[in-house]
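This report walks through one protein model, element by element. Start with the sheet, then move to the annotated sites.

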Amino acid sequence: MRTFGIAAFVAFMIDQISKYVVIHMMELARIRSIDVLPPVLNFRYGENRGINFGLGGDMSQWVLIAVALAICAGVTLWLWRSPHGRWAQLGGGLLVGGALANVADRLIYGYVLDFLNNSCCGLNNPFVYNLADVFIFAGALGLILFTGEPNTAPKRRGKKGQ
């Protein structure tokens with residue numbers, strides 16, 4: 001569970017620090033748009049009051065917070081109760097850390113702060129997201145790919161040299 005805890009803490013901190021730097025120190029909340037590597041990477045100010053991409057925006061913030069906390073508790077308990085390898089622990093930690101970072105936003109601001117935007121090849125992407133969303137996605141993918149029995153060395157049968 002050490003890998004899980006470290007991953008959750010690091011994901012939470014990276015997300016919160018990145019939001020503070022970009023939104024407040026770089027004043028994205030005021031200027032609304034910064035082209036970093038256009039069109040591939042842009043900073044666009046966004047307030048997400050729903051789930052991903054603003055879906056379910058009319059849902060109560062408290063319902064969204066309760067659902068996120070229940071998922072975090074469920075993933076944590078599941079990984080704690082049954083043995084899983086380091087990669088699954090890492091995935092679970094990223095998911096939980098990202099989800100808790102978005103919960104912190106909802107408690108502090110009443111919405112989730114988003115600022116990342118990517119477009120490419122003549123396609124203009126209107127959606128914004130944050131690093132917590134990246135951690136949640138990567139963590140969920142990690143849990144899908146790496147859950148199960150922990151990686152152990154195969155047991156040898158017989159004597160050496162056989």
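## Sheet and covering helix

Helix 1 (residues 2–25) lies across strand 2 and strand 3, and runs at about 75° to strand 3. Contact means heavy atoms within 4.5 Å. Axes are lines fitted to C-alpha atoms, for helices over the stretch in contact, and angles run from 0 to 180 degrees between N-to-C directions. Helices (H or I, at least four residues) and strands (E, at least two) are DSSP runs, numbered from the N terminus.

The model is predicted: local features need pLDDT of at least 70, side-chain atom pairs count only at pLDDT 80 or more, and totals for chains, interfaces and linings use all residues. Residues are numbered from 1 along each chain as its sequence is written, and side-chain values use heavy atoms, with hydrogens and water left out.

Three strands make an open sheet in the order 1-2-3, with antiparallel pairing. Two strands pair if DSSP finds at least two bridges between them. Strand 1 (33–37) and strand 3 are the edges; each has a single partner strand, so one side of each has no neighbour in the sheet. On average, neighbouring strands are turned by 30° against each other, direction ignored.

Strand 2 (residues 41–48) pairs with strand 3 in the antiparallel sense over five bridges. N42 has N117 of strand 3 as its bridge partner. G46 stands opposite D114 in strand 3. Strand 3 is mostly covered, with six of its six residues buried. Buried means under 20% relative accessible area, exposed over 50%, and partly exposed in between (1.4 Å probe, protein chains only).

## The annotated active site

Which residues does the UniProt annotation "active site" cover? The unreviewed entry gives D114 and D133. They are spread over 20 residues of sequence, yet they cluster in space, with a largest C-alpha distance of 9.1 Å. The lining of the largest pocket takes in both D114 and D133. A pocket is defined on a 1 Å grid over the protein atoms alone, as an open set of points where a 1.4 Å probe fits, with protein on both sides within 12 Å along at least five of seven lines; lining residues have an atom within 4 Å of a point. UniProt positions follow the numbering used here, feature names are shortened, and annotations may be inferred rather than shown by experiment.

D114 sits in strand 3 (residues 112–117). Leaving aside neighbours within four places in sequence, D114 is in contact with I23, R44, Y45, G46, N48, V128, Y129, N130 and D133.

D133 belongs to helix 5 (residues 131–146). With the neighbours within four places in sequence left aside, D133 is in contact with N52, N102 and D114. The side chains of D133 and N102 are joined by a polar contact of 3.1 Å. A polar contact is a pair of N or O atoms within 3.5 Å; within protein, one must be able to donate a hydrogen and the other to accept it, and residues adjacent in sequence count only if both atoms are side-chain atoms.

## Accessibility at selected residues

| Residue | Relative accessibility | Class |
|---|---|---|
| D114 | 2% | buried |
| D133 | 18% | buried |
| A99 | 12% | buried |
| R32 | 45% | partly exposed |
| C121 | 69% | exposed |

A99 lies in helix 4 (residues 86–109). Neighbours within four places in sequence aside, A99 is in contact with C72 and I136. A99 and I65 are 34 residues apart in sequence and 9.3 Å apart in space, C-alpha to C-alpha.

## Backbone points to check

R32 is in the loop between helix 2 (28–31) and strand 1. R32 is not a glycine, and its phi is positive, near 75°. C121 is in the loop between strand 3 and helix 5. C121 is not a glycine either, and has a positive phi of about 55°.

The peptide bond from P38 to P39 is cis, with omega near -5°. P39 is in the loop between strand 1 and strand 2.

## Annotated transmembrane regions

The UniProt annotation "transmembrane region", from an unreviewed entry, covers residues 62–80, 92–112 and 127–147. Residues 62–80 are 100% helix and 0% strand, with the end C-alpha atoms 27 Å apart. Residues 127–147 are 76% helix and 0% strand, with the end C-alpha atoms 31 Å apart.
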